[in-house]
Amino acid sequence: MNIILLGPPGAGKGTQARILVDHKGMVQLSTGDMLREAVAAGTEIGKQAKAVMDAGDLVTDEIVIGIISDRLDQPDVSGGAIFDGFPRTLAQADALSELLAHKGMALDAVVEMRCDDEALIERVVGRFTCAVCGEGYHSTFKTPQKEGVCDKCGSHDFKHRPDDNEDAMRNRLLVYYKETSPLIGYYHAKGALKAVDGTADIDVVTAQIAACLT
Ligand code: ADP
Ligand code: ADP
Ligand code: ZN
């Protein structure tokens, strides 16, 4: 099964994708994570993307479509892919449908995660992740069980994204409404769209997504 988690920054796409990876053996394809890896590795793509990402604007369609195309050639996607943060423009959505057709893969569902803006800002400003395994946390909503220690891997090393500040986040929201929210109508017209209440507790959202996938 291949699905898209569609929603504004902070809606919980990464959190729910990681739960699906653990429970269903699917793979998470996060263009944001892939771009951050390129930035950390200092590749040509990373150098082009860094300032754009810090400001909360979109990296070019050409770059992200190329990254996703390469990733879909790897064998592990045959167990099911969760697209997290991709597609973000209509051009990316069209490119994805061509790529999937070309690779003989179906798109089984697009799950829209609905959330209101003020909740999103609070979520993103409080977000941090484990620097070793990437597990996601929140200073209020999802703290590690033992303070300062990652639940998943025991690491003591956490990081906070440079674009998770209120200014960049307000721009990311504008970009979402302008460039990405038209995808809701696009996938609705294709008969693929389902929606969940992203403001509910994490485990409630997980159950709602599971219901969309049956
Ligand atoms: P996205 O990938 O959509 O940008 P994340 O999954 O990283 O969003 O979630 C953003 C922040 O909100 C994280 O700190 C995460 O721990 C927290 N979070 C995720 N889902 C919920 C939820 N349902 N309720 C409260 N906080 C949540
Ligand atoms: P969030 O879910 O919090 O919005 P992501 O990790 O998905 O954040 O993305 C972080 C940044 O990476 C985006 O603000 C954008 O600059 C860039 N990015 C990620 N995915 C895409 C994409 N599909 N198209 C263009 N830019 C992207
Ligand atoms: Zn960890």
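## Ligand 2

Helix α2 provides the largest share of the shell around ligand 2, 4 residues; helices (H or I, at least four residues) and strands (E, at least two) are DSSP runs numbered from the N terminus. The model is predicted, with local features needing pLDDT of at least 70 and side-chain atom pairs pLDDT 80 or more, while totals for chains, interfaces and linings use all residues. Residues are numbered from 1 along each chain as its sequence is written, ligands are numbered from 1 in the order in which they are written, and side-chain values use heavy atoms, without hydrogens and water.

In total 19 residues surround ligand 2, the closest being T31, D57, R88, R127 and R172; a residue counts if one of its heavy atoms lies within 4 Å. The shell divides into 7 nonpolar, 4 polar and 8 charged residues. Here Ala, Val, Leu, Ile, Met, Phe, Trp, Tyr, Cys and Pro count as nonpolar, Asp, Glu, Lys and Arg as charged, and the others, Gly among them, as polar.

A nitrogen atom of ligand 2 is 2.8 Å from a side-chain N or O atom of T31. Oxygen atoms of the ligand lie 2.8 Å from such an atom in R127 and 2.6 Å from one in R172. The protein covers 97% of the 550 Å² of accessible area that ligand 2 has on its own (Shrake-Rupley method, 1.4 Å probe).

D164 sits in the loop between β7 (158-159) and α7 (166-180). The residue is buried, at 2% relative accessible area; buried means under 20%, with a 1.4 Å probe and protein chains only.

Leaving out residues up to four places away in sequence, D164 touches V124, V125, R127 and R172, where contact means heavy atoms within 4.5 Å. The side chains of D164 and R172 make a polar contact at 3.0 Å; this is a pair of N or O atoms within 3.5 Å, and within protein one must be able to donate a hydrogen and the other to accept it, with residues adjacent in sequence counting only if both atoms are side-chain atoms.

## Ligand 1

Of the 17 residues around ligand 1, G10, T15, R127, Y137 and A200 come nearest. Helix α1 gives the most to this shell, 3 residues. The shell around ligand 1 holds 7 nonpolar, 6 polar and 4 charged residues.

Backbone atoms approach ligand 1 at several points. A polar backbone atom of Y137 is 2.7 Å from an oxygen atom of the ligand, and a backbone N or O atom of A200 is 2.8 Å from a nitrogen atom. The protein covers 92% of the 560 Å² of accessible area that ligand 1 has on its own.

Methods. Buried < 20%, exposed > 50% of the residue type's maximum accessible area, 1.4 Å probe, protein only.
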